[in-house]
Each structure stands twice: as C-alpha cells, then as structure tokens.
Amino acid sequence: MKFVDYFVICGLDFDSGLEPDKYSEDNLHVSPLERSYKGKVLAHYPENIPSHPFDASAVCMLSLPSGLKFRTQKHSVTQAPNFHSFLITREDGKRCYGFSLIFYEEVRNKDICTAMQTLQAMYITELSSGLKNRAVQNVHNQGPLSRSLPRHFKLTHNPSGAALTYYDISKDRLYVSKSIGIICQFAYVQAAKIFLENLYRCVPRRSTSPYGLSLESYVFNILYEVELPSPGKSILVHLPPSDPQLPPTSAILQNPSPPIELPHLDFPLRLMFLWLGVDIVVQLFTCLLLENQVLLRSSDCQRLMVVAEGVTSLLFPFTWPHVYVPILPASLHHFLDAPVPFVMGLYASSENIKVASEASLCYVDIDKCKVQLPEEMGTFPHLEAFTAEIWSVLDKYSVHVPNSENSRNIQEIMSRSCTLPGRPQNRRKLSIHDTLDNDRPPSPPGSARSEALQRIADIVRRTGVALDQNDTSQPSDSYIEDLRFNNSLREIFFNRFVHIFQSYENFVIFPNQDKEDWFNSRDTMQNFDKASFLSDQPEHDRLFLWRFLETQMFATLIDSKILSMWGEIDNNLLIFDNRIKLLKQRYGGENLMRSVSYEPCISAHDTQKLIDRRLTSPDFESPAPREICINKTVISRQFPILDKEILNKTPVVNKGSIPRASALKKGIMFSRPPIGPNDKKSSNNQDMSPALIAQANWTFVEKLLKDCKTKTKRMLLAKLGAEGVTLSSSNASDSFGAVEESTLVASLCDFLERVWSHGLQRKRGKSALWSHLLAYQEKYQNLNKNDNYLSSDEVSRLALNLENWNSQVSDAKLKTELPDLPSSLLFDIGNIQAMQDVKTGIGMARAWVRLALEKKQLSKHFRTLLSDQGLLRGQYKRSAFLRCEEEREQFFYHLLSLNAVDYFCFTSTYPITVIPYRIVIVPNKKGTTSSANVWVVLSGTLLETNRIAVPKATLNFECKHQNLGVLTTLRIGHDNSGLYAKWMIDFVIVRNEITGHTYKFPCGRWLGRGVDDGSTERLLVGTLVSKKEEAEEFVRSCGSLGRSTPRSRSPAMPARPELKPSQIQHMLGDCVNKIVKWHYRRSSERHTTLTALLCSENGLVSCLESVFLLGFKSARLFMGKHYLWDYFVRVKEHFELELIEEVSGNRTASLERNHQETVAVWRCYCHLIDEMTQTSKTLGKDGKFQLFICLSVREHLLHRMLVPMAACKVTLEMYEESSFLRNRGLLTFLRQILLPLDELDVVLEKSVSHGISSPSPHN
C-alpha cells in the first residue's frame, strides 16, 4: 500500500476571479481584507485512483477551512506557513487523512489587485453613506438568517485597527493564502509535516543549487516509491531537506503488529493533556463512552484534530460509530443541529456562539481549557485510581498540565460528580455563551521552535542521551518520546477495558442460524446477556456500565464477535481478545479469578520495546528521490503548478522498498508455549489406574479445596463486619470487610465454574455447572411432577394449591395459612428458567447460585445434584474434583458455613425480574373481613408498588410485581365504606414466592372511623422471619385458635406499661446510638433500614412516645382520652399566636440569635403540622404523631423544638412536673441525647414521608 495517494495544490484561480464564500463568515459587513473567498483545487496528482476517488470539493474545503484570505505586508501571518491535518469520511464510510500547509504568496495579477481596490472603494463608500451602521445595528439586534434552526451559530469578528483592514494598491503588497497538501490512507503526521514544510522550503526562489532536486522529484518519490510497512515492520523514507542544498531528510514509518500492539497513533496525546488537563480529558472520554454529542472549539485546526483523534483513540477496542467531523468548516455549521450523537470540531474564533441544543452536549473549548458537560453523567469505574495512574505517566514524561497544582486535590470530588469542580464558570448552570465570553488565557512564552528545543533538552537531561548524535536514520527525540507517551497512555485506557470486560465472551449470545438469517433478524435479537454481566460487576459501577452496554459502539463490538464465527475477524477484536487471553494466562488460565482492587497496566513496557526496536533499527528503506525532470526548474517566488505529465505517469520500474538491516529481523521472537510431540499421547489417560490419576490431580484438587475455604471465609468475614476480620485474622489478604458483596458472590460463581469444569469429559455449553443442572432436570423432571415451577400458569396455580387448602375456593380465600413452598432443586431450576432477563447459560448458572445462596440451600442443592453417581460418572472423569468423595464432603461443609449469614444477592442483583408475592392478612378474629375497599402498598429497597386492591372477602392472595428488593414497610388502609368497615388487624405476612423470604408486619390496631384513634390507614414496619417453618406454624396456630395475638405496636398501643425515667433514658440512648451507627456504616454492612430504626417496635418513635407519655394528663371528664397528637396541635396553635405577635410588632423585636432560632423553629413546626393536616387526612392521631417525629428528624427540628415546647402554657396544662418537658434535668438530657441526629442527612422513604416536602427558607 502506498504512503500517499494524492498531492494537492489549492488556492486562487485567476481565471475565476474573486468569488465570495458566502457561507464562511459574515462577509457583507466587513472590509474586503477580512472577507473569505472561494478557493479551488488548482492541481492534484495523480488524476484519479479508482479505489480512492478524489473529492475536490471536500479537499479544498478542509485544506483551506477559512476559505481564501487576503492580507497585506502589515499582517504577520504572511511570514510563516501553518500546518494542519484533516479527515474526510467517504460515502462508503471509509476515512482518509489529509495534511495541509497554508502559506501566503504575493499577488502579482493586476486584475485581482484592481478588483480588491474596487471592493475597498465600495466598502468606504458604504461606510460614508451610513448604510453600514444601520446594517450592523440590524445584525446585532436580529442576528444573521439561519439555514437550520433558529438558535444557530453567529460568528463575528472583533473590529481590528483601520491600518490592517485597509488596502491601498499604490502602497501595499497584496498576499493571498495557498495550500499544498497530501491525501493518505493512514495518519503519519510527523512525516507528512516534514514533507510539506521542507517541500515548501525547496521552492527555487534563488539560483538553483547544482545538488538540488526539482519539486516534481520529491512529489514523484512520495507518490509512487514510498510504501507503507507491513505489520510489525518499519521503513526508512527520504523526504525533502530543510534547505535545497542539503541531502534529503530521513523519517521512519512504523506499523505495529495487530495481535500484540495497539494500532498506530501519530497524533501527540501529550499536547492534548497540555491543552486540557487530566480532568477534562477523562470527562470528555466518559462522554464519548456514553455517546453524548461532543463539540470541540478552537481557532487552530491542528488542535481540533489532535484532540479529536487523540480522545477517540482512547476508546480502543471500541470505535466511534456516529458522525465524526474533527474540523467543521463554516459552510457545514448546520450539522450541529443534528439530533444524533456526534463528534465535531468547530473551527471558529471565541466570540458569540449559539447552539440549537445544549442539554445533552459536551462542549470543550480547547483554547480556553474549559468544559461544559451534559446534565446527567455517569462515573467511570475506579475513577480515582484510574486518574492517579494517568498522573503517574504524566509525571514520568514531565508533562505539566494546566492547573496541575489543583487537579489532584479534586479527585474525591470528581468521583462524585463529573462536572469540573473548583471552577464556577464550568458548572452546568452556565450556558455555552458564558463560557465563551471569558478572556483567553495568555499563550506560553516562546515560539513553537523554542518550546520544541526546550522539550528536547529536558529529555536529554532526563535520559542522558547526547545531543551531538547526527545519525540521519534516527527520528527526533521529541517524536520518539511522544510515541512512547502515546503508547503508555493508550495502554492504561485499554487495560481498563480489558479488566472490565475480561469475561464478556461468556455473555455473548451466539446465534444458532446461518449468517444471512442472522443479518436479517439481528435488530430484533438480543446478542448479549446484559443482566447477567452486570450482576457480576460492583454495585457502584452498574449504572455507568448499564448505560454503556446500551451504546452502539458496544453493540458493534458484540456484532464483530458474532461475525468471527463465520471467519470475519476484526483487528480491534483480535487485539482485545488476545489481551484478555494474556490476562487470564497471567492469573491462572481460562477461569480467571476476578480481582476486587484496581490493577494498573503492566503491558506498556513490553509494547514500548517493540516500538523502540522499529524506530532505532528499521526493517526496510525506500528508494531515495532522484531527478526526473530534464528541463531546469524555473526560479519563482510562488509555489508552482507541477508538471502533470511526469506526475500522472506511473513509473515503468518500481523496485519499491529494499531490505535494510536484515539481521535484525530475527532479533525479536515472540515466545509461544512449546508443544511436545507426545502431548496427544499424554492426554489419553484411559489406561492409567485410578490411583495414578488421583495422584496426578492431587495438587489441583487440593488447590480447589483451599480456594473454597478461602472464599467462604472471606464472604463470612465481609458479612460479619470489619470487627470480625480484625479479630479473626492478622493476614492482610483476608481484610475484605469493605469489599462489595456482589464482587465476592461473583467470585464464588467463578470458582464454582472452575470446580465443575475440572475433569469434564465433554463440554456441552459455556457453563459446566448449568449443563449439569440441565442434565439433572432432564432425568428427574418427569419423576417430580408434584413440584410446582414458578413459571407461566403454574405460578398462579401455586396461589390456590388445593392440596393445602379446603375444597371450596371461598374458604381458601379466608385461610390465614401460608401454602407450602417447594424447596427442591428442580423447583429452583425452573424458577431460573422462567426469568426473562437472563439468556445465557453462564447467566442462568450465576442466577441459580445467587438464588440458592440467598435461600441458604446451596450446600443442600449441591449434595442432591452430586448424589446421582450415574449422572456424575457419565459426565466426569475419575480424576475430577467432584468424584473425590472426601474432598467433596469438605466442599459441602465449607459451603454450608455460608448459611450462618443472610444474603440478598439474588434480590439485589436482578431488579427487573417479576416476582410473585403472597400476602396474608391475619385479622383479630378468624375469618373476619371488612366491607370497605381495602388496599395495600408494599415498599422495598428497590421499588414501591402503587396501591394494590385486596379482593373482596379475601385474606390470602397473590400479586406479581417487578422486584421490590428487601421489603421494608407495608401500608394498609381502606375507604371506610359499607356497614362493616371497621377492621381489627393483628399482622400481615408477605412472602417472596421465589426466594422464600417471609416478612411479618405487626399491626394490632383498628382500621376505621370512630374506633381507636380513627385511622383508616396504617404504616407497618416489616421484619424478616428467620425461620420460615416456625413462622408458618405460628400463623397456623393463630388462625386456628380464632383469637387475637398480643397487640404489636403500629405505631402505638393504647395501653402500655409505665416506665421509669431511667428506663426511658436507657431506651432512647440505645436507639439514637443505633441510628448514628447505621448512618456511618457502609451500605454493604447495614443489616437493617432507617425506617425500621425509626418506626419499628423499639424504634425512635416508640421511645419518644414513652418520653412524651411520661407525666402526660390524658384523661378528660365526660369525653375520650387525650392523644399525644392533641398536645402537638395545641402547641402549634400557641406557636401561631407567637408568630402573629412577632409579625404585627406587638412585642419588641429582638435581634438575639437565640430568639431568631426560636422564630425559625415556630415556622418550621407550624409548616409541618399544616402539611400533615392537608395531605394525611386518612391517618389517625397516633399515625400523625409517628409521621411528625420522622419529619422532625429529617428537618433537624427534633432537639430544637423541645425548649420552645416546654415554654408553652399548653405544657403546663397537660404535663405534670415529673415529665421530661417540665423537669429541667430531664429536658437537658433529652436535648443532648437527640443532638447527634442533627448531624445526619436523613432521607425518608416515600411511604414514610407521605410526599411532604421540606419548608422553603421563605416560609
């Protein structure tokens, strides 16, 4: 393959004259020297390549992105050329790279100069007539017309000095921009830049040196005689010299080897980090992964290309599949209104820019080092450690990024929010217009050349390389250093993907059809088992990974994996799979044990050696340029149009590249595992005795048993808490108290797959465990038809199992006994098969393990599964671990130890699985129901149901709902309709019909008006019944006796024993202590919920009820008793009177801090009472007391309201002197013990808060 396809010259066509480029910028109201004019491809060589057609309009547009510009000798831009690269995407999706060198040449055409002078005169006339001012005013008021959406781009210029914008034909020399460029299939930026810059210097402006070659000779050589190296090789090429009298300059093109190395990247990532910094690069990378719209802005085309190519290269092995325009010329600005993901680079000055939509846009201003992020952003896994590893590479290569002194202090903030912290102008609340109005930071001192020399000097001082080396075959040190830096950075990003998706192949759903049928139906098919894959990931990473799994770039990789079945191998996938294979080999073979900690990249050193070898010792050398022009080159001050006949003619003899340093070809050998000639014979163990087989496998069997012991121990210690780890083991490797439960369970699943894969005779699927379970099911399913699988219609039949119920359906609905739930192995296998969100065998095996672990039947199920010796002998060799009886018994014993703790690994892992819930309402009297319309609302750690209507005359029913998680509360109520609406409920039982978890919700109160506290709605707090059999026996005994159980408080019991103040103090202190401990524990170490700590039988509400009942004068003559809520309402009335007097000015205003806090307490107290009165009309007085206490904790009002309440006259009337509110010592204790709750940020469940919001600060 040739290095260069086309050589292009773009500029002013003197035959066409001056043609304004109306789409480039606002050309109507600026001076002629500030306007843009339409350029043209003046020449290109060769004429056409059939496989890569030449697109003249795209090449000219991107070679001169600002159009043709005219300048005079007063402008500095005429002094030095400017290099930039660009990219063209063809209609077939293929990309090609272009490299352009823009320079200014003096215009000697009198017609063009006269036309410019005429335009200048017209512009001055327009200014003098006043039309200009009115037009400018209209533009500022209305803006230019939009060709797409109303909110489009508006590009204007700051007015410059009159001397620069005025052209006088008699005094000024006129210059026009021109471009020379090359079009390539691959981006070798450094070589292209050297070629174009040196070719421009070789233009014969003075007497030609006898040793100088013609321009055609260099162009001919680069077009026809320089080939790209094959994978894993490098080639030395000869480019034009920096001075015509010098010999050609050398450069090296190198091509990485696909299975081992990453694809070549010549754009320096160092510059991207210098311009943006680590934080913005990582944020930009995250936005790309989630396929947000990304807009880059810079006034430098090369900056746009470096950032766009650099950040998209970090996505490897994934590729950006959407719109990709690194340089967006002015004529294509309407593409920014596209409602699709894109990466675009806006080549514009930092004036006023308006975008049609900003909500989902990631905007990066490269020149100002600013970023604006989308409204919702995920957090990349292991962000803090990942960023720290990037910093280590930057330090190694002495790359000083902007704001580096502050960047490392914000890592913790960055892990919580992806918006750039510490810089108010970068927050999401600011619009894109605000970010562009800030002043541009000053440029670093020194020219580009001096910076390059400084970098080389730094490298020399760091590495000790001498400066006097003049070997022409060696590339510059700065270029080598950039390639090394690129390799190190890309390996870090690639390493993250390798570790995150190390087991992705297990979850790919390969089709069982031919290629054509798969292509026709792949849009409707699921190719990846996302739910099972996510179940193996840490919980805090699942949200980001779930969004990433939905992207097109991930779907493209999975499609490539499936296409590899039919021989279509993608290079990216090949490198990715090879790196995963190396990772698995490094950590113990195919069954890789998942690491719970961040693992840095260790492969960059090896790949860097390969790069250094190719750069220092190239494998091939291209032919040197030779003179091909017979006639002597004419001296010219302009870049000439080259000889078309010579450059369009293919050379007759093209020797191509010649070998160079052939001795080095054998220098690097990649080690492969030796394959012995007797391997096939050694694999045949049928003739070996069982004793020899056991001896040969003894080491491996012992290792499996040791791993089982280690894993079960780690899981137990993690569940028992950090204290258990500290006391039981001093080994640092066992300190896994803070490890996420999901990661440990996933590691156990990996281990079980290893066990079931050992000694397997014939592999039937990806999961050996699931294959064994299916074989067991196939053998026994016809013999166990009595097991009711929880799938399709059988789930509903389970609710009305007539073997456990009376013959009549009406009687069955009034039964308060729970039907028996099957606990067999076949029952659980059937439940897993009925799950709609798990598709693969690996996923089903993991779901089954999680279910059995949660049901505490893992060891029992395995014992049942392995009890069939015939099935075991048919699938496993004699040497298999599962056939070693003694080791297998120890294996059962270690797994049995996991029953000591409660796991919810199935409930918390599959949130979209539909779960049937059995609900049993146990009334005070057997068989009694309510004539009202009864409803219940279930709340869990994952979801909350809407109101579920209880069927009429029914106490036992089933409902299906998406997984609620661990159940926390149950709200039950009715509409108080009918003659027999009043209903006394003892408790409610709810059972998860898949996991078997049974929850008891005590009540012991009436529902109905005119009885108890008049409540038609109760909030019940659930507790998990530890032993299901005892709970069911308890329910049966209660139902059969037909009498009520002792009333459990929900939320209060009418009659309660009198407690001494010391007892109440002890209860309250213990309760507050539990709440504070719960708040500061990790989520994985919390064994209860905040709702239970607040509202359960021994919760905070219960303790405070005892506090307020002590010394409470509840008895009233000739009327019912007082409730605590009556006291709170009267206190609210007193506070309202105080507020009225405060506002009316009847009392002297006080500026003391204590008084101001008291007024704030009055307002918050009254607000909560008013909100509860309006929104909680169905609650009784005890229920309102419970709600008020919970809201007071949330609003940090609890300890602050005690002193104002104690000072009320109502307290004197309704409390005795021995009460907490009137005894000064008890009141002080009460305030101090409740003070720690003020430091907690409490979030209440919706079922607890009733949707009541916090009061605004203006209330």
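This is a predicted model: local features need pLDDT of at least 70, side-chain atom pairs count only at pLDDT 80 or more; totals for chains, interfaces and linings use all residues.

Residues are numbered from 1 along each chain as its sequence is written, and side-chain values use heavy atoms, with hydrogens and water left out.

User: Is strand 12 (residues 361-365) largely enclosed or exposed, and why?

Analyst: Buried denotes under 20% relative accessible area, with a 1.4 Å probe and protein chains only. Strands are DSSP runs of E, at least two residues, numbered from the N terminus. Leu 361, Tyr 363 and Asp 365 are buried on one side, and Cys 362 and Val 364 are buried on the other. Because five of the five residues are buried, strand 12 is largely enclosed by the rest of the structure.

User: Which residue of strand 12 is the bridge partner of Leu 295?

Analyst: Two strands pair if DSSP finds at least two bridges between them. Strand 9 (residues 293-298) runs parallel to strand 12, and five bridges join them. The partner of Leu 295 in strand 12 is Tyr 363.

User: Which residue in the hairpin of strand 12 and strand 13 takes a positive phi?

Analyst: Strand 12 pairs with strand 13 (residues 370-372) in the antiparallel sense over three bridges, and Asp 365 has Lys 370 as its bridge partner. Four residues lie between the strands of this hairpin, and the positive phi, near 55°, belongs to Cys 369.

Key
Buried means under 20% relative accessible area, exposed over 50%, partly exposed in between (1.4 Å probe, protein chains only).
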